[in-house]
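Reader: I'd like to learn how to read a model like this one, feature by feature. Can you walk me through it?

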Amino acid sequence: MSKKNIHVVGAVIVKDDKILCAQRGESKNLSYKWEFPGGKIETNETPQEALEREIREELQCNIGVGEQIDHTVYEYDFGVVHLTTFYCTLQKGTPVLTEHENVKWLYKHEMSELDWAPADIPAVEKIKAL
Ligand SMILES: Nc1nc2c([nH]c(=O)n2[C@H]2C[C@H](O)[C@@H](COP(=O)(O)OP(=O)(O)OP(=O)(O)O)O2)c(=O)[nH]1
């Protein structure tokens, strides 16, 4: 049987040259891996709308979504994740931890120190190279 396709958006939120990195919780798949906050695109949503909604829900703040950074496809045991990442800026509020285990603001050259979800590694490399 073919695996389910999961369409996911991730926010690369930049503030003062640092990037918000978020650690997944214990009860999730990919537990304790680091990711870009975001989530699954719902029916009839654009990727940008999905990202704004997910960040409001997860981090209780408003973002502006800018340029796309990367699009990667990664096959996990639970499905095939299609991850699109976008540069974002904070518009209102500051991120509040609700679902995540932890968050860190890191300079791009520090990002490789974290244990990233495998689907995110190409985006992390691309951000570092920019
Ligand atoms: N939000 C986010 N998810 C990622 C990234 N990299 C990556 O492989 N994923 C995976 C983890 C999840 O399987 C899926 C995102 O879906 P989600 O955030 O809505 O899912 P979840 O596991 O938190 O919650 P759920 O399935 O119980 O609703 O994509 C990333 O950078 N950000």
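Reader: How do the residues of the shell around the ligand divide into nonpolar, polar and charged?

Author: First, the ground rules. This is a predicted model, where local features need pLDDT of at least 70, side-chain atom pairs count only at pLDDT 80 or more, and totals for chains, interfaces and linings use all residues. Residues are numbered from 1 along each chain as its sequence is written. For the classes, Ala, Val, Leu, Ile, Met, Phe, Trp, Tyr, Cys and Pro count as nonpolar, Asp, Glu, Lys and Arg as charged, and the others, Gly among them, as polar. Here the shell splits into 8 nonpolar, 4 polar and 4 charged residues.

Reader: Which residues come nearest to the ligand?

Author: Being near a molecule means that the C-beta atom, placed from the backbone, lies within 6 Å of it. Of the 16 residues around the ligand, the nearest are G10, E35, G39, A117 and A119. The elements giving two or more residues to that shell are β1 (5–15), β4 (38–40) and β6 (80–92). Those labels are DSSP runs numbered from the N terminus: helices are H or I with at least four residues, strands are E with at least two.

Reader: Where does UniProt place a domain?

Author: The unreviewed UniProt entry has "domain: Nudix hydrolase" at residues 4–128. UniProt positions are given in the numbering used here, feature names are shortened, and annotations may be inferred rather than shown by experiment. In the model, residues 4–128 are 17% helix and 44% strand, and the end C-alpha atoms of that span lie 31 Å apart.

Reader: How many residues are in the largest nonpolar core?

Author: In soluble globular proteins, nonpolar side chains tend to be buried together. A nonpolar core is a set of buried Ala, Val, Leu, Ile, Met, Phe, Trp, Tyr and Cys residues joined through C-beta atoms within 7 Å. Buried means 20 or more other C-beta atoms within 10 Å of the residue's own, exposed means 12 or fewer, and partly exposed is in between, with C-beta atoms placed from the backbone. The largest core here has 29 residues, and A11, V12, I13, I19, L51, F86 and C88 have the most contacts inside it. At least two core residues come from each of β1, β2 (18–23), α1 (47–59), β5 (62–75), β6 and α2 (121–129). β1 gives the most, with 5 residues.

Reader: Why does L51 count as buried?

Author: L51 counts as buried because 26 C-beta neighbours sit inside 10 Å. This leucine lies in helix α1. A contact is a pair of residues whose C-beta atoms, placed from the backbone, lie within 7 Å. Not counting residues up to four places away in sequence, L51 touches V9, A11, G38, V65 and F86.

Reader: Which other residues of α1 are buried, and what covers them?

Author: An α-helix has 3.6 residues a turn, so residues three or four places apart point the same way. The buried residues of α1 are A50, L51, E52, E54, I55 and L59. Their cover includes β1, β4, β5 and β6. As for length, α1 has 13 residues and reaches 17 Å from first C-alpha to last, close to the 18 Å expected at 1.5 Å a residue; that expected span is 1.5 Å times one less than the number of residues. After α1 comes Q60, whose phi is positive, near 55°.

Reader: Why do D70 and T72 count as partly exposed?

Author: D70 has 17 C-beta neighbours inside 10 Å, so it counts as partly exposed; T72 has 18 and gets that label too. For a distance across the chain, the C-alpha atoms of T72 and A119 are separated by 6.7 Å although 47 residues apart along the chain.

Methods:
Contact = placed C-beta atoms within 7 Å.
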